[in-house]
Amino acid sequence: MNHKTVKEKLDFVKKDKLFLSAGGILFLLITGFIFYDYITPEWKDIQSEFSDIIAEKFGDERAATIRTGLQQTYVKELNVADRCITCHQAMEWKGMENIENPFRTHPKEILEKHPINKFGCTPCHGGQSFATETEAAHGFTEHWEEPLLGKELSDFYVVNNKKAMMQIRCNACHRYEKETKGADAINRAKQLVNEKGCRACHVINGRGGTVGPDLTYEGEKSAEQYNYERNKGFASMFSWHIAHFKNPKELIPETVMPNFNFSSNDAQALAALVMSWKKPTMPIEYIPGHNFRDVPSQEEIEKEERMKNGPGAFFVNKQCFVCHSVSSFGVEAAAQIGPDLALAVEDVQSRFGRTLDDFLMKPTGTMDVVLSTMLPLTKEERLEAIAKLRQAYELKKTELKTAKTRQK
Ligand code: HEC
Ligand code: HEC
Ligand code: HEC
Ligand code: HEC
Ligand code: HEC
């Protein structure tokens, strides 16, 4: 080895050293930055901003009482470990009502009924329990099926009532109530289910007819179980239900489910309601009234009893009255889905061009489905129905005549 080369080498090493140390500093800076970012994730910035706001508003002493670090509400009974309060620290603070989120006080009344330590956050809001970054916590990430049921999601689905989506969650616990304060969309949908007589064709909470599918746990179905071929909108369960409620035949051409001409708001409310019908996984103390059943009202029971013992008993016992009134027998339908049978003798002739006898022996349309699935009547029973409908018709004619002569 000669000196020159050694010198050159040393020179080189010197340059190299300079170069190396410059690189080293850069490297340190980069790792330092990454490390800094790592030790100060988004929530740390949010927490220090919160602390600053509190200090400014209420003084340093109050600010010093704020708990820092990852915060979590663990509720064993509901199987949730919600870290939302890591960023949403003001939940129960007074005086932060008019600050921007995430620093705003939570609406008070609802938390009084559902304390955070017993309910967490996600049972009402959805979202991702354990995530600690805003996007992820609010659930707008891939493979997470439960985004925050808030404004953003409502805008996405073009839901008019921005509070309707969260009510899907409210009703997981409140489903057996006729009405729940603060769940207006769900309340409206429950009212429609009664008014329109969905139970004529569907079992809901264990009661109802079997012309359509049992809806008791409709919310358990997964998105893949619906057919989107004819669904023009975005292919999701929610939009499928909305389209189906607006016009069942558009999605299922052969269906006998009537088109009730629901408004957009009503169709959305009903979609939220049927999606809330999941199998309860929470312990019974989380179900208001500690009741897993839908109880018919005393009035409903009495009316049914009265009709069961009158001249129209046959139509009550055979469940025809679920869809049909037989007015001259004092039988009143729960929902007027089919026509008043008091006029069937005449009406069948004019609507179907067939005699009543012929129609009931070989029915078409809804009655074909009803008599072949839900209410399979024997030949004798059909003959009995025909005879009774003749009586009802005679009575009705007399009623109409006396009404006319009275008018004269
Ligand atoms: C990393 C911090 C962070 C975490 C964790 C976090 N949030 Fe937020 N949240 C924010 C910020 C910031 C805003 C305000 C900006 C916005 O709306 O995105 C906000 C806004 C909200 C809003 C109002 C906006 C709306 O769409 O109505 C709700 C509700 C909400 N968060 C619920 C939750 C729930 C529930 C969790 C837990 C699953 C949670 N957040 C976890 C940071 C967070
Ligand atoms: C019992 C159900 C329930 C629970 C539990 C619950 N919330 Fe809420 N939260 C609501 C309702 C209802 C609203 C009002 C929504 C509205 O009016 O749009 C609301 C509103 C909010 C808002 C928006 C406040 C505003 O006015 O901008 C945020 C943020 C929020 N909740 C976060 C949380 C966090 C975080 C938790 C857990 C610590 C939580 N909530 C627990 C029902 C609940
Ligand atoms: C995890 C189950 C659960 C969820 C989710 C839930 N609640 Fe409740 N809620 C309860 C229980 C349990 C009670 C206490 C009822 C009782 O004392 O019988 C209650 C009480 C109430 C009350 C007071 C009822 C009264 O008679 O005083 C209202 C109003 C209410 N909830 C509305 C809501 C709304 C609105 C939502 C959705 C934003 C919601 N709840 C979400 C379980 C739940
Ligand atoms: C005359 C009988 C009838 C009445 C009344 C009726 N439905 Fe239906 N419904 C059906 C039939 C049949 C199907 C299956 C074919 C289809 O999807 O349209 C069905 C399907 C459904 C489905 C889709 C179920 C699934 O998973 O595919 C829902 C949800 C539903 N009905 C809700 C309702 C509601 C809510 C009402 C009251 C507003 C109602 N139905 C009234 C007969 C009826
Ligand atoms: C799930 C609801 C439902 C039930 C239950 C039901 N029907 Fe009907 N029925 C209808 C509908 C809807 C029509 C209208 C015909 C159509 O549009 O296909 C109808 C039509 C009829 C008609 C023709 C009436 C006319 O004026 O055109 C007769 C008769 C009839 N039903 C008899 C019965 C009898 C008898 C029973 C009990 C064994 C019964 N229905 C049970 C829904 C029902």
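A residue counts as buried if 20 or more other C-beta atoms lie within 10 Å of its own, and as exposed if 12 or fewer do. Keep that cut-off at hand for this tour of a predicted model.

**Whole chain**

Start with the chain coloured by secondary structure. There are 19 helices and two strands. Of the 408 residues, 25% are buried. Among contacts between residues at least 6 apart in sequence, 49% join residues at least 24 apart.

**Cys201**

Select Cys201, in the loop between helix 10 and helix 11. Cys201 has 25 other C-beta atoms within 10 Å, so this residue is buried. Leaving aside residues up to four places away in sequence, Cys201 touches Gly209, Val211 and Gly212.

**Ligand 4**

Show ligand 4 next. The shell around ligand 4 holds 27 residues, and the closest are Cys198, Cys201, Gly212, Thr255 and Met257. Two or more residues of this shell come from each of helix 10 (184-195), helix 11 (237-246) and helix 13. Colour the shell by class: 17 residues are nonpolar, seven are polar and three are charged.

**Helix 9 against helix 13**

Stay with helix 13 (residues 264-276) and bring in helix 9 (residues 166-174); their axes lie 8 Å apart and the helices pack at an angle of about 40°. Helix 9 is therefore oblique to helix 13. The crossing of the two helices is right-handed. To see the contact, select Gln167, Ile168, Asn171 and Ala172 on helix 9, then Ala272, Leu273, Met275 and Ser276 on helix 13. This contact has five nonpolar residues, three polar ones and no charged ones.

**Asn261**

Move to the loop between helix 12 (248-251) and helix 13, where Asn261 is found. Asn261 is not a glycine, yet has a positive phi of about 55°. Is Asn261 buried or exposed? With 9 other C-beta atoms within 10 Å, Asn261 is exposed.

**Ligand 1**

Show ligand 1. Around ligand 1 there are 26 residues, of which Cys84, Cys87, Gly127, Ala137 and Gly150 are the closest. The elements that supply two or more residues to this shell are helix 2 (42-58), helix 6 (122-125), helix 7 (134-137) and helix 8 (151-157). Which of them gives the largest share? Helix 2 does, with three residues. By class, the shell around ligand 1 contains eight nonpolar, 12 polar and six charged residues.

Two backbone details come next. Select Asn79, in the loop between strand 1 (73-75) and strand 2. Asn79 has a positive phi of about 60°, although this residue is not a glycine. Asn79 has 12 C-beta neighbours inside 10 Å and so counts as exposed.

Then go to Pro102, in the loop between strand 2 (80-82) and helix 4 (108-113). Display the peptide bond from Asn101 to Pro102: this bond is cis, with omega near 10°.

**Lys118**

The last stop is Lys118 in helix 5 (residues 116-119). Lys118 counts as partly exposed because 13 C-beta neighbours lie inside 10 Å.

Technical notes. Residues numbered from 1 in each chain as written. Chains lettered and ligands numbered in written order. Predicted model: local features only at pLDDT ≥ 70, side-chain atom pairs only at ≥ 80, totals over all residues. Helix = DSSP H or I, 4+ residues; strand = E, 2+ residues; numbered from the N terminus. Contact = placed C-beta atoms within 7 Å. Near = placed C-beta within 6 Å. Nonpolar A, V, L, I, M, F, W, Y, C, P; charged D, E, K, R; others polar. Axes fitted to C-alpha atoms, helices over the stretch in contact; angles between N-to-C directions. Parallel < 35°, antiparallel > 145°, perpendicular 65-115°, else oblique. Left-handed = near helix turned anticlockwise from the far one by under 90°.
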